[in-house]
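Please look through the report below with the sequence and the model at hand. It takes up the nonpolar cores, then the sheet, then the domains.

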Amino acid sequence: MTRSFPPALVFEGVRRTYPGQAGPALRDVSFSVPRGSRTGIIGRSGAGKSTLVRLISGLELPDAGHVSVQGQDFSALSASARRERQARTGLVFQHFNLLAQRTALGNVTLPLELRGVPRAQREARARELLAQVGLADLASRYPAQLSGGQKQRVGIARALATEPDLLLADEATSALDPETSAGILTLLTDLQRDRDLTVVIVTHQLEVVRAATTHVAVLDSGQLVEFGQTREVLSQPQHAVTRALLEAHRPAASLTAGEQLRRVTLAELSPRTLTALAGLGARVVQADAHPLGVDVWLAVPDGTPDIPAHLARVAQLAGAGA
Ligand SMILES: Nc1ncnc2c1ncn2[C@@H]1O[C@H](COP(=O)(O)OP(=O)(O)OP(=O)(O)O)[C@@H](O)[C@H]1O
């Protein structure tokens with residue numbers, strides 16, 4: 001028998017207006033995040049991402065609609081039940097928010113201390129968590145003695161201390177260089193799988209969505225303009241804002257007269273694909289590999305037909321001839 005679980009997170013007709021603002025920061029936002037997913041929330045500055053985070057973490061309530069986390073509607077909870085729910089949502093921040101006067105171990109034990117967990121127990125648990133994020137040897141270092149990536153690992157270990165079922169990472173990699181950022185995203189992905197967590201990753205960086213998420217919600221001017229599986233949304237964006245976020249990565253290419261730039265997402269850039277592209281008169285300007293495939297920017301002659309459809313036909317013919 002298969003068990004069905006409620007979604008980890010449900011937004012239903014959510015509106016949130018701040019005093020003194022002309023319009024709402026979020027309006028009529030509805031979507032649900034599947035349990036065990038890694039969902040990216042993406043949008044430009046001012047789109048409403050931080051407002052969404054505050055609503056998910058229960059720090060604010062909507063002025064219309066409902067926000068439910070693991071089947072619990074914040075508006076219907078008592079103050080103590082709300083605090084309990086908040087404790088089960090682990091928060092990871094852009095600037096780590098570590099206490100400078102506490103060691104890595106002391107930062108990770110803090111949430112357990114606040115819950116009255118005895119010292120020996122909380123230290124054992126914190127050491128276990130630091131080992132899981134790859135910092136077993138750095139437990140006694142102070143934040144000032146850690147790199148940005150190491151500080152974020154401490155932040156993640158601290159977020160896991162209270163055994164959350166939901167991890168909310170708000171621009172968690174924005175302050176890190178690309179390599180360190182990739183390490184943190186891999187860690188978040190591994191933790192999600194190992195611990196059966198639901199992870200929500202808020203970011204303005206499309207590459208973060210691509211590298212680490214299964215689902216993505218696109219916000220613009222307080223509205224949810226697109227939601228779906230990352231693979232589908234990125235390969236066939238339905239909304240102009242999503243397309244604009246993808247176009248932001250448009251390479252600077254010198255085109256000859258009668259050429260235009262086109263972006264396609266392919267499973268791989270195999271020799272056969274390259275030959276098929278050359279047959280269309282297309283040349284590869286830039287190729288960015290990522291976990292979902294390869295984003296390829298091509299310079300193509302005006303009037304070139306749909307490229308994925310052409311490649312599918314070529315593959316089919318090759319299969320038939322094999
Ligand atoms: N406390 C507040 N008081 C008044 N207005 C606010 C407040 N917080 C956010 N806003 C407004 O709500 C809108 C959405 O802001 P929000 O911070 O949620 O966007 P964001 O997508 O997180 O932006 P960024 O990427 O720049 O952090 C903006 O117009 C912002 O000015």
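## Nonpolar cores

The largest nonpolar core has 35 residues, and those with the most contacts inside it are Leu130, Val154, Ile156 and Leu167. Such a core is a set of buried Ala, Val, Leu, Ile, Met, Phe, Trp, Tyr and Cys residues joined through side-chain atoms within 4.5 Å, where buried means under 20% relative accessible area with a 1.4 Å probe, protein chains only. Apart from it lies another core, of 23 residues, among them Leu26, Ala47, Leu52 and Leu77.

This is a predicted model, in which local features need pLDDT of at least 70 and side-chain atom pairs count only at pLDDT 80 or more, while totals for chains, interfaces and linings use all residues. Residues are numbered from 1 along each chain as its sequence is written, and side-chain values use heavy atoms, with hydrogens and water left out.

## The open sheet

An open sheet is formed by 4 strands (DSSP runs of E, at least two residues) in the order S2-S1-S4-S5, with antiparallel pairing; two strands pair if DSSP finds at least two bridges between them. Strand S2 (26-33) and strand S5 (72-73) stand at the edges with a single partner strand each, so one side of each is left without a neighbour in the sheet. Strand S1 (residues 9-16) is joined to strand S4 (residues 64-69) by 5 bridges, and Val10 stands opposite Ser68 in S4.

## Two domains

The chain is divided into domain 1 (9-237) and domain 2 (250-320), with bounds from an automatic or database domain assignment. Their C-alpha centres lie 36 Å apart, and 7 residues of domain 1 are in contact with 6 residues of domain 2, contact meaning heavy atoms within 4.5 Å.

Notes:
Buried means under 20% relative accessible area, exposed over 50%, partly exposed in between (1.4 Å probe, protein chains only).
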